[in-house]
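Subject: Structure for you to look at

Hello,

Here is the structure I said I would pass on. My notes on it follow below.

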Amino acid sequence: MALALPSLSSTSSSFLQQNFTGSSKGPTCNNNNNNNTSSFLVFAQKKAKKIRKIILKEDVAEVGKKGQLIDVKAGFYRNYLLPTGKAQIVTPLLLKEMKLEEERIEAEKRRVKEEAQQLARIFETVGAFKVKRKGGKGKLIFGSVTAQDLVDIIKAQLQREVDKRIVELPEIRETGEYIAELKLHPEVTARVRLNVFAN
């Protein structure tokens with residue numbers, strides 16, 4: 001381990017050369033005035049660990065997820081993450097680009113949510129969708145009303161494409177009024193009314 005010593009002037013260096021000698025027990029000090037010897041300790045400074053702030057370009061097991069900002073040892077970055085292209089050093093320019101990208105993504109999320117809210121208002125103010133089915137005994141109908149039926153009615157009446165996977169409706173096997181839910185967005189659900197009647 002390298003010893004960290006302060007810089008010495010030429011006078012101090014010559015003093016050390018003249019008065020300090022090494023022995024098997026360690027460095028000792030020769031005092032010309034008496035025969036006593038005294039030892040001294042030299043403390044070495046611990047080597048500082050080099051840390052790098054990086055951004056992960058992909059998921060790395062036991063390290064982090066894609067897009068995550070983390071601190072890693074310089075050797076780990078240099079020997080593994082950099083050669084495999086899994087990470088890059090964070091720079092002020094990169095941080096600025098990341099901030100702009102986050103703002104763009106947030107703006108897009110807001111836009112999608114607002115569109116879903118507008119569509120929900122349309123569905124909820126249009127009134128009940130009418131569904132005709134062949135009547136059976138009493139209030140019973142032949143067959144049932146499905147999510148696909150509702151999707152087709154919405155497309156025919158409102159010219160709106162809706163994925164049937166977002167439609168939740170109760171089992172409908174007789175005439176009457178029912179409520180269906182359309183999950184337009186994780187935070188927006190539209191409730192629509194269906195009037196099922198026999199023809």
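Buried means under 20% relative accessible area and exposed over 50%, with partly exposed in between, using a 1.4 Å probe and protein chains only. Helices (H or I, at least four residues) and strands (E, at least two) are DSSP runs, numbered from the N terminus.

Some housekeeping first. This is a predicted model, in which local features need pLDDT of at least 70 and side-chain atom pairs count only at pLDDT 80 or more, while totals for chains, interfaces and linings use all residues. Residues are numbered from 1 along each chain as its sequence is written, and side-chain values use heavy atoms, leaving out hydrogens and water.

The chain as a whole

The protein chain has four helices and twelve strands. Of its 199 residues, 24% count as buried. Contact means heavy atoms within 4.5 Å. Among the contacts in the protein chain with a separation of 6 or more, 45% are between residues 24 or more positions apart.

In helix 2 (residues 74-81), the buried residues are Ala74, Tyr77 and Leu81. They lie on the same side of helix 2, because they cover an arc of only 105° around the axis; the arc is that of the directions from the helix axis to the C-beta atoms. The buried residues of helix 2 pack against strand 4 (51-56), strand 5 (69-73) and strand 6 (87-89).

Strand 4 and strand 5 run antiparallel and are joined by five bridges; two strands pair if DSSP finds at least two bridges between them. In this pairing, Ile51 stands opposite Lys73 of strand 5.

Aromatic rings

Rings of Phe, Tyr and Trp (its six-membered ring) pair if their centres lie within 6.5 Å; planes under 30 degrees apart count as stacked, over 60 as edge-to-face and the rest as tilted. The structure holds one aromatic pair. This is Phe76 with Tyr80, which are stacked at 5.5 Å centre to centre with 25° between the planes. The two are four residues apart in helix 2, so about one helical turn separates Phe76 from Tyr80. Phe76 counts as partly exposed because its relative accessibility is 33%. Tyr80 is also partly exposed, with a relative accessible area of 34%.

Elsewhere, Lys134 lies over the face of Phe142, at 5.5 Å from the ring centre. A charge sits over a ring if NZ of Lys or CZ of Arg is within 6 Å of the ring centre and within 35 degrees of the ring normal.

Regards
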